[in-house]
Amino acid sequence: MSADQLTFLASGSCHFGDAGCGFPAPGLNEFDFKPIFTIGSFYFNKPMLLSMIVAVLVVVFFWAAFAKPRLVPGKMQLVAEIGYDFVKRSIVLETIGKKGEKYVPMLVSMFFFIWLMNIMSIIPFAQFPVTAAIAFPAGLAGVVWITYMGLTFKKHGFVGGLKNLCWPSGIPGWVMFILVPIEFFSNIFVRPFTLAVRAFANMFAGHLLIVMFSIASWYLLSPTLGALYGSASFVVAVALTAFELLVQFLQAYIFVMLASSYIAGALEEAH
C-alpha cells in the first residue's frame with residue numbers, strides 16, 4: 001500500500017459519511033516504490049529485494065533438499081522431489097517429450113521462481129506480487145525467447161530456422177505471401193510480448209483488486225449502514241485473496257507450459 005493509504009488505515013478516524021473524508025482509491029501509486037538505496041543512477045527498491053529473497057529461497061531449498069539425497073527421502077527431499085517431478089512430468093515431458101530432459105532444471109527453477117514471486121503478495125510485510133512489476137516477467141520472457149531462438153537456429157541452421165519460424169507445413173502456396181509475415185511477426189515479436197504481459201497483467205489486476213477491497217472494508221466501517229457494506233467488502237477481499245492463490249499457481253504453470261511449447265517447436269522439424 002502507498003504511504004497515504006497506510007496513514008489512512010493507521011489513523012482509524014476516516015470512515016464513510018465523515019465530513020471531508022474521501023475514499024483513498026488505489027492506483028498506479030501501488031506499484032511505485034521509493035528506492036531503498038541508490039548508487040549513482042542505479043536504485044534498489046522493494047520488488048528487487050523481494051525477487052532476490054525469492055531467488056535465494058529457491059536455490060537454498062533445492063540445494064538443501066538434494067545436497068545429500070537419500071534412498072528413503074526426508075521431508076524436505078520429498079517435497080522437493082514432488083515439486084521437481086510435477087514440473088518434469090506434467091509440463092516438460094508432456095509438452096516436449098524425452099528431448100526435454102535437459103531443459104527440466106531451467107524450467108523447474110523458472111516455475112518455482114515465478115510462483116514464489118507471485119506468492120509474495122500475501123506474505124506479511126511483503127504484500128506485493130513481484131511479477132506485477134513488468135520488468136520481471138519481461139526479463140523471464142526474454143530468457144525464454146533467447147532459448148527459443150537459439151535452439152531454433154542451432155537445430156535447423158539459419159535458412160531452416162527461418163523456415164521453421166515462418167513457413168507452416170501443409171499450407172497451399174498461394175496463401176504464403178499473407179501467412180509468412182504473420183507467422184514471422186507472431187513467433188518473433190508477439191510470443192515474448194504476450195508471455196510477459198499475461199503474467200504481469202494477472203498479478204497487476206489481482207493485487208489492485210485486493211488492495212481496493214481491503215481499504216474499502218475499513219473505510220465503509222461505520223455505525224451506519226456502511227458497516228454492512230464494509231463487511232461485504234471484507235468478505236470479497238478474503239475471497240479474492242483465496243482466488244489469487246489459485247491464480248498465482250496457474251500463472252507460473254502457464255508461463256512454464258508455454259515456454260516448454262516454444263522449446264518443443266524449436267526442436268521439431270516443422271511447427
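Modeller: Contact means heavy atoms within 4.5 Å. Helices (H or I, at least four residues) and strands (E, at least two) are DSSP runs, numbered from the N terminus. With these two terms, the meeting of H3 and H4 can be described: Gly83, Tyr84, Phe86, Val87, Lys88 and Val92 in H3 touch Val104, Pro105, Leu107, Val108, Phe111 and Phe112 in H4. By class, this contact of H3 with H4 comprises 10 nonpolar, 1 polar and 1 charged residues. Here Ala, Val, Leu, Ile, Met, Phe, Trp, Tyr, Cys and Pro count as nonpolar, Asp, Glu, Lys and Arg as charged, and the others, Gly among them, as polar.

The model is a predicted one, in which local features need pLDDT of at least 70 and side-chain atom pairs count only at pLDDT 80 or more, while totals for chains, interfaces and linings use all residues. Residues are numbered from 1 along each chain as its sequence is written, and side-chain values use heavy atoms, with hydrogens and water left out.

The geometry comes next. H3 and H4 pack at an angle of about 110 degrees, and their axes are 10 Å apart. Axes are lines fitted to C-alpha atoms, for helices over the stretch in contact, and angles run from 0 to 180 degrees between N-to-C directions. H3 and H4 are therefore roughly perpendicular to each other; angles under 35 degrees count as roughly parallel, over 145 as roughly antiparallel, 65 to 115 as roughly perpendicular and the rest as oblique. The crossing of H3 and H4 is right-handed. A crossing is right-handed if the near helix is turned clockwise from the far one by less than a right angle, and left-handed if anticlockwise.

H3 (residues 75–95) also packs against H2 (residues 46–66), at an angle of about 115 degrees and with the axes 8 Å apart. H2 passes H3 in a left-handed crossing. Phe61, Phe62, Ala64, Ala65 and Phe66 of H2 make this contact with Met76, Gln77, Val79, Ala80 and Glu81 of H3. The contact of H2 with H3 has 8 nonpolar, 1 polar and 1 charged residues.

Lys88 of H3, already named in the contact with H4, also takes part in a salt bridge with Glu101, where the closest N and O atoms are 3.6 Å apart. A salt bridge is a side-chain nitrogen of Lys or Arg within 4 Å of a carboxyl oxygen of Asp or Glu. Glu101 lies in the loop between H3 and H4, 13 residues from Lys88. Lys88 is buried, with a relative accessible area of 17%, whereas Glu101 is partly exposed at 32%. Buried means under 20% relative accessible area, exposed over 50%, and partly exposed in between (1.4 Å probe, protein chains only).

The structure holds 2 salt bridges. Lys99 and Glu268 meet in a salt bridge at 3.6 Å, N to O. Lys99 lies in the loop between H3 and H4 and Glu268 in the segment after helix H7 (226–267), so the pair ties together parts that are 169 residues apart in sequence. Lys99 is partly exposed, with a relative accessible area of 42%, and Glu268 is partly exposed at 34%.
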